[in-house]
Amino acid sequence: MQTGEVSYTLVSFHAHPDDEALLTAGTLARAAADGHRVVLVVATVGGAGLASAAVLAGGALAERRRAELARSAAVLGCARVECLGYDDSGMAEAPSGARQAFARADVEEAAARLAGILREEHADALTIYDPAGGYGHPDHVQVHHVGLRAARLAGTPIVLEATVDRGRLQRALRLVSRLPGVPADFAPARLADAYTAPEALTHRVDVRGYARQKRAAMAAHASQATADSGVRTLGVLLRLPRPVFRWALGHEWYVEHGRTPARPLLDDIFASLARSTST
Ligand SMILES: [Zn+2]
């Protein structure tokens, strides 16, 4: 951060440990490196996520995922990590049946918890997910609803939906699906309606300078990269050669609430604040 620049507080809200690495890791690392305060909040410890039998046998999955989250957060420069304490709901076709499933949680109650953190932190910006939760996981859809409500309760000025440029994702998937050993369910068609159409995006954040931290954050979530039932996304992405990784994951996309999409896309997640405070 240059002399005279303002330090902001960014709260990044996610469903499960490892989601922060996939969608926002570069943005968080860049904000922290620029001198801003970065706070990571996850709704669940992700106990119902797929993982290999070997990892499950090695101890409680939730404990392991908590430790992985702490490692990822440390690599990214997060000043604080909080978990709202809900359970992973599982995918719609295979619900976990957990009593405290986040997807079935009362939105007001969950939002009040997150709003408490936003107020404590005097958060300037909050990242949530798009209304479809990217690829439709019920916990990710709930992050959108709970996050939006919490920002209203706390009066957080900037709300950013962390998403992916659908067009770019399709091109990246076509590339990845050609790698040896990648299963057929990694086909581009599976995610044809996922995330956000390019014309709806407001931000394209350049995080190529933070590829090392992003890769390290992904690698920290080792239990998610070793699932028995098919290659998980992280496992596939970590196998990309470094230059390809930088190309495929060197930008992160957002839709800012209340901002009309315009070209060129914004690179600064705090742009709305910078403009409102400049004289
Ligand atoms: Zn997730």
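A: Two strands are said to pair if DSSP finds at least two bridges between them, and the strands themselves are DSSP runs (E, at least two residues; helices are H or I, at least four), numbered from the N terminus. This is a predicted model, in which local features need pLDDT of at least 70 and side-chain atom pairs count only at pLDDT 80 or more, while totals for chains, interfaces and linings use all residues. Residues are numbered from 1 along each chain as its sequence is written, and side-chain values use heavy atoms, with hydrogens and water left out.

The part to look at is strand β9, which covers residues 251-256. On one side, β9 is joined to strand β8 (residues 203-206) by 4 bridges, and these two strands run antiparallel. Within that pairing, you can find H203 standing opposite Y254 of β9. Strand β7 (residues 158-163) also pairs with β9, again over 4 bridges and in the antiparallel sense. There, L160 has E256 of β9 as its bridge partner.

Now follow the side chains along the strand. H251, W253 and V255 point one way from β9, whereas E252, Y254 and E256 point the other way. Are these residues buried or exposed? Buried means under 20% relative accessible area, exposed means over 50%, and partly exposed lies in between, using a 1.4 Å probe and protein chains only. By this rule the residues on both sides of β9 are all buried, and the strand is accordingly described as mostly covered, with 6 of its 6 residues buried.

V6 counts as partly exposed because its relative accessibility is 44%. Although V6 and G35 are 29 residues apart in sequence, their C-alpha atoms are 8.9 Å apart in space.

P138 lies in helix α7, and it counts as partly exposed because its relative accessibility is 22%. P138 is 48 residues from G90 in sequence, with a C-alpha to C-alpha distance of 7.6 Å. The axes of α7 (residues 138-154) and helix α5 (residues 107-121) come within 8 Å and cross at roughly 55 degrees.

Finally, step back to the whole chain, which has 12 helices and 9 strands. Of its 279 residues, 51% are buried. If contact means heavy atoms within 4.5 Å, then among contacts between residues at least 6 apart in sequence, 81% join residues at least 24 apart.

Technical notes
Axes fitted to C-alpha atoms, helices over the stretch in contact; angles between N-to-C directions.
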